[in-house]
Amino acid sequence: MAKYKHLSFKDRSLIQSMLNSNYRLSHIAAAIEKDPSTVSKEIRAHITIENKGGFRSNYNACIHRFDCTRYHICTECHSVRKFKLCKRCSMCNAFCDHFEKESCNKLSSPPYVCNGCSSKPFCTLQKSFYYADIAEQDYKRSLSCSRKGFSFSAAEIEHLDHMITPLIKQGQSPHHICSTSLDSLMISESTLYRLIDARALSAMNLDLPRKVKFRPRKKPKSIKIDRACRINRDYGCFKSFMDIHPDYPVTELDSVEGTKGGKVLLTIHFPCAEFMIAFIRDYNDSKSVTDIFDHLYDILGFEFFTKIFKVCLTDNGSEFSNPRAIEYDASGIQRTNVFYCDPSAPYQKGSAERNHEFIRLFVPKGQAFDSLSQKHVDIMMDHINSYCRSSLGNKSPYELFSFIYGKEILDLLGCHLIPPRKVTLNKSIWNKEV
């Protein structure tokens with residue numbers, strides 16, 4: 001039996017094939033020369049959830065699905081076929097207030113998946129599958145993430161910040177802090193310097209009296225704060241979450257770079273109205289992103305913030321690698337849900353990517369944002385959001401956002417409507433209005 005060896009794609013393909021043929025885990029383990037517990041852990045770690053129905057029947061996981069006689073749950077029927085009974089509609093579970101989810105008891109015991117189940121063609125419940133190609137992608141992604149960033153949780157970094165930052169503010173060096181507090185810190189001096197470089201702590205390089213005198217020896221690399229940030233937040237989880245909450249609006253987050261190492265824009269896009277706000281940042285790090293969300297939370301308040309930030313979808317940049325700091329406020333109250341697109345898949349938030357074309361009319365790709373202030377950015381976004389779109393019925397994003405969420409939120413965000421004849425989509429507006 002091969003011990004301490006990772007599973008190969010060939011092993012995973014054999015697992016899927018034997019699961020489809022309804023083999024026991026012990027037989028699968030013998031075929032790939034592994035322990036049965038290894039096969040069990042592999043299957044449970046890479047389960048793909050699918051909400052799909054069976055033969056001539058839509059997905060329906062409600063416990064009342066057999067004897068339910070409800071109809072016209074939606075005031076305006078969403079189904080093209082206009083079913084007489086709502087239980088035959090694929091969106092029944094999402095809109096019915098009497099919905100009670102039923103789960104298959106077979107999934108709580110080996111083999112934990114529906115691959116070889118004889119009831120699969122007729123089952124309308126939520127299904128779990130093991131796919132070799134998806135498991136291989138998840139394995140490679142987790143292997144890559146495990147070698148990047150810090151192996152600290154958000155709570156551990158917060159604890160270190162409370163201990164280290166006051167001492168640095170007193171003028172102590174990282175060497176002195178690590179030498180005198182090694183038992184309580186449990187980190188090395190080099191790790192402390194990397195935490196400060198990544199701006200994971202409140203203390204910055206400017207607070208170190210000697211370090212700012214030296215030029216950096218090499219270009220700093222982007223560092224993920226939480227290397228396990230994608231777990232339960234990948235694009236598959238996003239789709240499953242939206243299946244349960246189809247009425248939740250999605251907000252798309254992204255960064256727009258000028259030149260490497262210079263100022264960066266954080267863009268927050270609301271696809272339902274094609275409305276976008278942007279913030280200039282000196283550094284492309286996670287601290288600057290969480291500071292902006294804390295600022296928005298302060299000015300909007302819990303009610304308005306949670307109204308427009310139900311779900312946040314972003315890419316895999318290191319600046320978004322501290323999702324818990326975005327999801328929760330200082331009191332530990334959840335204010336939003338963060339999910340990630342698949343790697344190298346910008347089309348999964350294509351609405352934001354398209355809207356960036358307007359920003360490039362002001363600052364072409366390759367040019368720096370260093371000369372811009374937040375006032376420049378606000379004026380630019382006011383003109384972009386006042387530009388009418390045919391996709392919005394010749395309305396502007398500002399008008400549609402105001403219709404959906406109310407003008408009070410726009411006033412709190414400091415957004416203004418530019419008269420149609422004065423809308424300008426080039427940088428000449430900065431000479432007139434700044």
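Visitor: Is Glu327 buried or exposed?
Guide: Glu327 counts as buried, at 5% relative accessibility. Keep in mind that this is a predicted model.

Visitor: Okay, and which residue forms a salt bridge with Glu327?
Guide: That's Arg233, and the closest N and O atoms of the two are 2.9 Å apart. Arg233 counts as buried too, at 17% relative accessibility, because the cut-off for buried is under 20%.

Visitor: Where do Arg233 and Glu327 lie?
Guide: Arg233 lies in the loop between helix H9 (189-197) and helix H10 (235-244), while Glu327 is in helix H12 (residues 323-327), so the pair ties together parts that are 94 residues apart in sequence.

Visitor: Switching topic: how many salt bridges does the structure hold?
Guide: The structure holds 17 salt bridges.

Visitor: What does Arg335 pair with?
Guide: Arg335 forms a salt bridge with Asp294, with 2.8 Å between the closest N and O atoms. This pair links distant parts of the chain, 41 residues apart: Arg335 is in the loop between H12 and strand S7 (337-340), and Asp294 is in helix H11 (residues 286-308).

Visitor: Are those two buried or exposed?
Guide: Arg335 counts as buried at 3% relative accessibility, whereas Asp294 is partly exposed at 31%.

Visitor: And what about Arg141, which residue does it form a salt bridge with?
Guide: With Asp138, the closest N and O atoms being 3.0 Å apart. Both sit in helix H5 (residues 132-145), three residues apart, which means about one helical turn separates them.

Visitor: Last one: which residues are linked in a network of salt bridges?
Guide: Arg12, Glu42, Glu136 and Lys140 are linked that way.

Conventions
Residues are numbered from 1 along each chain as its sequence is written. This is a predicted model: local features need pLDDT of at least 70, side-chain atom pairs count only at pLDDT 80 or more; totals for chains, interfaces and linings use all residues. Side-chain values use heavy atoms; hydrogens and water are left out. A salt bridge is a side-chain nitrogen of Lys or Arg within 4 Å of a carboxyl oxygen of Asp or Glu. Helices (H or I, at least four residues) and strands (E, at least two) are DSSP runs, numbered from the N terminus. Buried means under 20% relative accessible area, exposed over 50%, partly exposed in between (1.4 Å probe, protein chains only).
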